[in-house]
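User: I'm new to this kind of model and would like to learn how to read it. Can we go through it one feature at a time?

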Amino acid sequence: MAERPEDLNLPNAVITRIIKEALPDGVNVSKEARRAISQAASVFVLYATSCANSFAMKAKRKTLNAGDVMSAMEEMEFERFLPPLREALEAYKKGQKGKKEASEQKRKDKEKKNGTEENDKSREEEEDEEQMEDEQDGENEGEEEDVEN
Amino acid sequence: MEKKVERAAEGKNMSLPVSRVKLIMKSSPDVSCINQDALFLTTKATELFVQHLALTSYNNGSGKQKGTLAYRDLAKTAEETEMFQFLTDILPKKILARDYLKSLEKMEEGDN
């Protein structure tokens, strides 16, 4: 649950970046405008949620599903979002499905890579060791100081 | 614009945090459960909404020649565009006009 009112705000940095990407290059967006858009986005989430929830309730379901959100968009007159949302959902589902396979494949690739790049790796490790030695020297100095104190 | 939106979708940091969107959704009293797809779609829709609100306000706004987007452009959009009408409560135009005049007065005072 949201404990502080700020918890219901969306991160300004991301909102700002999305705005900048939507507008032509070099457009100056005032701070007040950015804050207003961010607040509008939070209200949009709540509005969409309540719309979607009424669809779920009509169907006597307790869980909001993708269809409810899509219906909500239509009801809110944001039909124009439906095609990109459908596309995004498909890509997302594919991604979720492929995630397991991909991570397994990655692990295999990594193992292979480790085999071929062992020489490079050992060189890196040498460098790491040098750094660690430096750090250790520092620590030792610190310890000596402690002893003196 | 389409290209820009595509680019926006590609960048990792362009996405709103799903956890935060979930928190906002759950703050709605009647909502009990939200499945992953619905959460993803709402997050995505919010990103589209931000883009659409910004672009509509900019294109219909007064700052287009100067290349600026100001609060009054957003208030104008909320008032004049049907799909953004639900925002009129949080983007009030009247209060803005008063504030704006006040700030103008202050600026003039500052100049003098």
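User: Let's start with charges. How many salt bridges does a search of the whole structure find over all chains?

Analyst: A salt bridge here is a side-chain nitrogen of Lys or Arg within 4 Å of a carboxyl oxygen of Asp or Glu. Over all chains, the search turns up four. Before we go on, a word on the ground rules: this is a predicted model, where local features need pLDDT of at least 70 and side-chain atom pairs count only at pLDDT 80 or more, while totals for chains, interfaces and linings use all residues. Residues are numbered from 1 along each chain as its sequence is written, chains are lettered from A and ligands numbered from 1 in the order in which they are written, and side-chain values use heavy atoms, with hydrogens and water left out.

User: Which side chain meets Asp37(B) in a salt bridge?

Analyst: That's Lys93(A), at 3.7 Å from N to O. This pair joins two chains, because Asp37(B) sits in helix 3 (residues 36-60) of chain B and Lys93(A) in helix 4 of chain A. Helices are DSSP runs (H or I, at least four residues), as are strands (E, at least two), and they are numbered from the N terminus.

User: Is Asp37(B) buried or exposed?

Analyst: The idea is to look at relative accessible area: under 20% is buried, over 50% is exposed, and in between is partly exposed (1.4 Å probe, protein chains only). Asp37(B) has 18%, so it is buried. Lys93(A), with 44%, counts as partly exposed.

User: Which residue does Lys44(B) meet in a salt bridge?

Analyst: Its partner is Glu47(B), with N and O 3.3 Å apart. Lys44(B) and Glu47(B) are three residues apart in helix 3 of chain B, so about one helical turn separates them. Both Lys44(B) and Glu47(B) are buried. Another pair is Glu80(B) with Lys76(B), whose closest N and O atoms are 3.7 Å apart. Those two are four residues apart in helix 4 of chain B, about one turn of the helix. Lys76(B) is partly exposed, at 27%.

User: What does Asp73(B) touch, beyond its neighbours within four places in sequence?

Analyst: A contact means heavy atoms within 4.5 Å. By that rule, Asp73(B) is in contact with Ser57(B), Gly61(B), Ser62(B), Gly63(B) and Thr68(B). Asp73(B) belongs to helix 4 (residues 71-80) of chain B, and with a relative accessible area of 3% it is buried. For a sense of distance, Asp73(B) and Glu108(B) are 35 residues apart in sequence and 23 Å apart in space, C-alpha to C-alpha.

User: Where is Ser42(A) placed?

Analyst: Look in helix 2 (residues 31-58) of chain A. Ser42(A) is buried, with 9% relative accessible area. Apart from residues up to four places away in sequence, Ser42(A) touches Leu8(A), Asn9(A), Leu10(A) and Ile24(B).

User: Now the surface. Which residues form the nonpolar patch?

Analyst: Patches are made of residues with over 30% relative accessible area and no salt bridge; like charges are joined within 9 Å, nonpolar side chains (Val, Leu, Ile, Met, Phe, Trp, Tyr) within 5 Å. Areas come from the Shrake-Rupley method with a 1.4 Å probe, and for residues only the protein chains shown count as cover. Here Tyr100(B), Leu101(B), Leu104(B) and Met107(B) make up the patch, with about 390 Å² of accessible area together. Leu101(B) lies in helix 5 (residues 93-111) of chain B and counts as exposed, at 52%.

User: And which residues form a negative surface patch?

Analyst: On charge, Lys and Arg count as positive and Asp and Glu as negative, while His and the chain ends are not counted. The charge is placed at NZ of Lys, CZ of Arg, CG of Asp or CD of Glu. The negative patch takes in Glu74(A), Glu77(A), Glu79(A) and Glu82(B). Glu79(A) lies in the loop between helix 3 (66-75) and helix 4 (82-116) of chain A, and is partly exposed at 41%.

User: Stepping back, what pattern does chain A follow along the sequence?

Analyst: Chain A reads α-β-α-β-α-α-α, with five helices and two strands. Of its 149 residues, 28% are buried. Chain B reads α-α-β-α-β-α-α, and 44% of its 112 residues count as buried.
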